[in-house]
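Please read them with the structure open beside you.

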Amino acid sequence: MTRYIQGSDRSQVTLLPECLDDFIAEDNTVRVIDAFISELDMATLGFEGTSPALTGRPSYHPSVLLKIYLYGYLNRVQSSRRLERECQCNVEVMWLTGRLAPDFKTIADFRKDNGKGIRNVCRRFVMLCR
């Protein structure tokens, strides 16, 4: 993942709390989202951008944007502008994305361009929850 924008290390010490991981309980749903998405093969599910371009500005990895989308789906946050705000102020989303905060246009374009992949992931997630 060298050609993608990299997030902060979750165990990096900060002012309050000492570690962002301290705010997230062991049974929090964001841990399930993180574990679920990290096991997916994004290319076979139909996501664009799984192999980064060699030139231009680095992009966000599709798994980061999918984590934001799935978090919003589970917490009834559909608006890409509200998801952008969640990335900036919600500790759970900060933990989930490694403190990355894509803008609303990036989130909206991801949703628009990856409908097939998102449907495939949601189908798998529902099967997992059952």
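1. I begin with Asp109, which is partly exposed at a relative accessible area of 23%, where buried means under 20% relative accessible area, exposed over 50% and partly exposed in between, using a 1.4 Å probe and protein chains only. The model is a predicted one, in which local features need pLDDT of at least 70 and side-chain atom pairs count only at pLDDT 80 or more, while totals for chains, interfaces and linings use all residues. Residues are numbered from 1 along each chain as its sequence is written, and side-chain values use heavy atoms, with hydrogens and water left out.

2. The side chain of Asp109 meets that of Lys105 in a salt bridge, at 3.2 Å from N to O; the term denotes a side-chain nitrogen of Lys or Arg within 4 Å of a carboxyl oxygen of Asp or Glu. Both residues belong to helix H5 (residues 104–113), where they sit 4 residues apart, about one turn of the helix; helices are DSSP runs of H or I with at least four residues, numbered from the N terminus. Lys105 is partly exposed, at 46%.

3. Lys112 and Asp113 also form a salt bridge, with their closest N and O atoms 4.0 Å apart. Lys112 is exposed at 61%, whereas Asp113 is partly exposed at 37%.

4. Elsewhere, Arg10 and Asp34 are joined by a salt bridge of 3.3 Å, N to O. Arg10 lies in the segment before helix H1 (29–38) and Asp34 within helix H1, so this pair ties together parts 24 residues apart in sequence. Asp34 is buried at 14% relative accessibility, while Arg10 is partly exposed at 24%.

Technical notes: Helix = DSSP H or I, 4+ residues; strand = E, 2+ residues; numbered from the N terminus.
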